[in-house]
Structures are given as structure tokens and as C-alpha cells.
Amino acid sequence: MPGIDQSLIFHPLNIAVLTVSDTRTIETDTSGALLAERLTDAGHNLTDRAIVTDDVEAIRGRMRGWIADPGVDIVVSTGGTGFTPRDVTPEAVMPLLRRVMDGFSVVFHQASMGTIGVSTLQSRAFAGQAEDTFIFCVPGSNGACRDAWDLVLSLEFDSRYRPCSIAGQVPRLRGLCA
């Protein structure tokens, strides 16, 4: 039966949060703040938080820095995954990935379907692995970030989740997954 095995030790992940937006500042970035709060409340480490404009090179530059940083296990980005002309997060991040986690998009959309219905089709949420860093890109609304964290990522990032979690694939924790 899948779930959290309370008999196991919780291993916090080192997570960076990136907000992709032309208009938000640290003071008005409610979706980035929501993710940062959720991950720290869960016991993980917020290693960095940044905001970049909806610009391919700006997004790639920030991502490359975190991918190269051995202190960052996971990056969660919010914003730029829709269909407006300025939504370029997939175009910026996909070329950096060596592997795509197809299942994340499927599970995110299933979770989101329960809260926003077929409007979930307008999201290009995705995830993958760049070098040894896992990257999860979700829409920029608070509701989407809440769905992503509460219904998917909180479990996927918990090392006690069985039969396995992404924590077991992080190099410094490899082998945790039963």
C-alpha cells in the first residue's frame, strides 16, 4: 500500500524555488512564497529563491546555476507554463533536461482536474532531470502551486514515502528507495 512509512527517517531535500514572471517582485510573489512556505513547513531546506522575467536566457541562466550547485537537489519553478506569448518556461528548461519525467505531468493534471476541471489542459507543467538535479515546473497561480505541492510534490519529496520517492534518486541520498 503506498504512503508514508512513519518508521523511516525523514531526510530533508535542498530545494530552490524560481518564479518566472515579468511583473512579480519578492513582495508580490505569492506563488513562490507559497511553495517556499510549504517546503520549509514540510521540513525541507529552501536553498535559494529567485524571480526572473519570462525570458528564455534569464530562465536558463538561473537554472544552470542551480544545476551546477551540488547543494541544490531539486528546483521547483512557478510560472511561464501556459499559452500566452510570454510563457516560455518549457522552451527554456526542456533543452537542459537529460531525462523527462513524463509521469509528473500526468499526475499533476489528474490532481488539477479535481480542482479546476478541464482548464488544466491550458498548463504545460512538466518535470525532468538535468545532470543530477530534478526540476519541476508548475503554473504560476497559487491554486496550481497548492495543487502541485499538496497533492503531488509533498509525497514525491518525502523520503519516507513508499514504495519509493524522488529522494532515493538524489545522489547524496541514493539507495533510500526500497
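## Gln129 and the basis of the model

Leaving aside neighbours within four places in sequence, Gln129 is in contact (heavy atoms within 4.5 Å) with Leu97, Arg98, Arg99 and Phe134. Gln129 is found in strand β6, where helices (H or I, at least four residues) and strands (E, at least two) are DSSP runs numbered from the N terminus. At 5% relative accessibility, Gln129 counts as buried, a word used for under 20% relative accessible area, with exposed meaning over 50% and partly exposed in between (1.4 Å probe, protein chains only).

The model is predicted, so that local features need pLDDT of at least 70 and side-chain atom pairs count only at pLDDT 80 or more, while totals for chains, interfaces and linings use all residues. Residues are numbered from 1 along each chain as its sequence is written, and side-chain values use heavy atoms, with hydrogens and water left out.

## Helix α1 against helix α5

Two packed helices are described by the angle between their axes and the distance between the axes. Helix α1 (residues 30-41) packs with helix α5 (residues 142-156) at an angle of about 20°, their axes lying 9 Å apart; the axes are lines fitted to C-alpha atoms, for helices over the stretch in contact, and angles run from 0 to 180 degrees between N-to-C directions. That angle makes α1 roughly parallel to α5, given that angles under 35 degrees count as roughly parallel, over 145 as roughly antiparallel, 65 to 115 as roughly perpendicular and the rest as oblique.

On the α1 side the residues in contact are Thr30, Ser31, Leu34, Leu35, Arg38 and Leu39, and they meet Asn142, Cys145, Arg146, Trp149 and Asp150 in α5. The residues of this contact of α1 with α5 divide into five nonpolar, three polar and three charged, where Ala, Val, Leu, Ile, Met, Phe, Trp, Tyr, Cys and Pro count as nonpolar, Asp, Glu, Lys and Arg as charged, and the others, Gly among them, as polar.

## Helix α4 against helix α5

Helix α5 also packs with α4: the axes of α4 and α5 come within 9 Å and cross at roughly 115°, and the crossing is right-handed. In α4, Phe104, Val107, Phe108, Ala111, Ser112 and Thr115 meet Ala144, Asp147, Ala148, Leu151, Val152 and Leu153 in α5. The residues of the contact of α4 with α5 divide into nine nonpolar, two polar and one charged.

## Salt bridges

Side chains of opposite charge can pair when their charged atoms come close. A search of the whole structure finds nine salt bridges, each being a side-chain nitrogen of Lys or Arg within 4 Å of a carboxyl oxygen of Asp or Glu. One of them joins Arg38 to Asp150, with the closest N and O atoms 2.7 Å apart; this pair links distant parts of the chain, since Arg38 belongs to helix α1 and Asp150 to helix α5, 112 residues apart. Arg38 is partly exposed, with a relative accessible area of 23%, and Asp150 is partly exposed as well, at 36%.

The side chains of Glu57 and Arg60 meet in another salt bridge (3.4 Å, N to O), and, being three residues apart in helix α2 (residues 56-68), these two are separated by about one helical turn. Arg60 counts as buried at 16% relative accessibility. A further salt bridge (2.7 Å, N to O) is formed by the side chains of Glu91 and Arg124, which link distant parts of the chain, 33 residues apart: Glu91 in helix α3 (residues 89-93) and Arg124 in the loop between α4 (102-116) and β6 (126-130).

Arg49 is found in strand β3 (residues 45-52) and is partly exposed, with a relative accessible area of 23%. A network of salt bridges links Arg49 with Arg24 and Asp29. Not counting residues up to four places away in sequence, Arg49 touches Val17, Ile26, Asp29, Gly32, Ala33, Ala36 and Trp66.

Gly32 is found in helix α1 and is buried, with a relative accessible area of 0%. Besides Arg49, Gly32 touches Val17, Thr19 and Thr78, with residues up to four places away in sequence not counted. Asn14 lies in strand β2 (residues 14-20) and is buried, with a relative accessible area of 14%; on the basis that residues up to four places away in sequence are not counted, Asn14 touches Asn45, Thr47, Gly71, Val72, Asp73, Ile74 and Arg172.

Conventions: Left-handed = near helix turned anticlockwise from the far one by under 90°.
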